[in-house]
Amino acid sequence: MLSDELERLQQMRNSGALSEEEFQRAKQQVLNGGMSSGQPFSGQQFSSADASAVNGVTGTVCGMEPKMWLTLMHLSQLLTWTVLGIVAPIIMWVVSKDESRDANRHGLMILNWLLSSLVYGLISGILCLVAIGIPMLFVLIALNVIFPIIGAIQASSGKLWQYPLTIRFFNPDAV
């Protein structure tokens with residue numbers, strides 16, 4: 001519908017995805033029938049970022065560049081010494097999983113590690129009764145610092161890093 005196309009163009013202009021000049025050109029194209037209802041822009045008169053924005057892809061996750069968001073999602077686990085260490089990555093995953101496939105995959109990987117770490121912590125705690133659990137707890141504490149840092153470094157370069165020793169409760173490759 002014509003009004004829907006014009007409204008979408010207006011939203012893109014307001015968000016900064018289109019300059020005033022690009023907005024006016026696109027508006028004229030829509031009004032002159034150069035674009036039928038429901039068809040995306042051809043991309044000939046607009047940059048690829050503009051064409052992506054028209055199709056509903058903004059290239060950001062929660063207003064941030066995706067690699068930065070994923071890096072922060074991994075690093076948020078370093079808040080382990082507070083409740084936020086468990087809650088922050090989960091909240092970040094929940095708010096971004098529908099916006100980005102990568103955010104969903106990284107979030108599931110982090111969730112798998114958090115649950116695995118909890119299981120390993122419970123087992124180590126029980127084994128503390130026979131003294132072998134004490135070194136296991138120290139190793140687990142070290143891994144809870146090392147793994148998120150490695151995951152963040154990999155995320156900043158655009159890769160999904162599989163945390164070693166992780167029990168796969170959720171399959172990030174299935175999304």
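## Buried aromatic residues

In this predicted model, F147 and W161 are both buried, and the rings of these two residues form an edge-to-face pair, because their centres lie 5.5 Å apart and their planes meet at 75°. F147 belongs to helix α7 (residues 133–156) whereas W161 lies in the segment after α7, so the pair ties together parts that are 14 residues apart in sequence.

W161 also pairs with Y163, in an arrangement that is tilted, with 5.1 Å from centre to centre and 45° between the planes. W161 has a relative accessibility of 18% and therefore counts as buried, the cut-off being under 20%, while Y163 is buried with a relative accessible area of 3%. One aromatic cluster is formed by W113, F147, W161 and Y163, and the structure holds 5 aromatic pairs.

## Positive phi angles

Most residues other than glycine have a negative phi. A131, although not a glycine, has a positive phi of about 75°; this residue lies in the loop between α6 (101–127) and α7, where A131 is partly exposed, with a relative accessible area of 48%.

L165 is likewise a residue other than glycine with a positive phi, here near 65°. L165 lies in the segment after α7, and with a relative accessible area of 53% L165 is exposed.

Key. Residues numbered from 1 in each chain as written. Predicted model: local features only at pLDDT ≥ 70, side-chain atom pairs only at ≥ 80, totals over all residues. Heavy atoms only, no water. Phe/Tyr/Trp six-rings, centres within 6.5 Å; stacked < 30°, edge-to-face > 60°. Helix = DSSP H or I, 4+ residues; strand = E, 2+ residues; numbered from the N terminus. Buried < 20%, exposed > 50% of the residue type's maximum accessible area, 1.4 Å probe, protein only.
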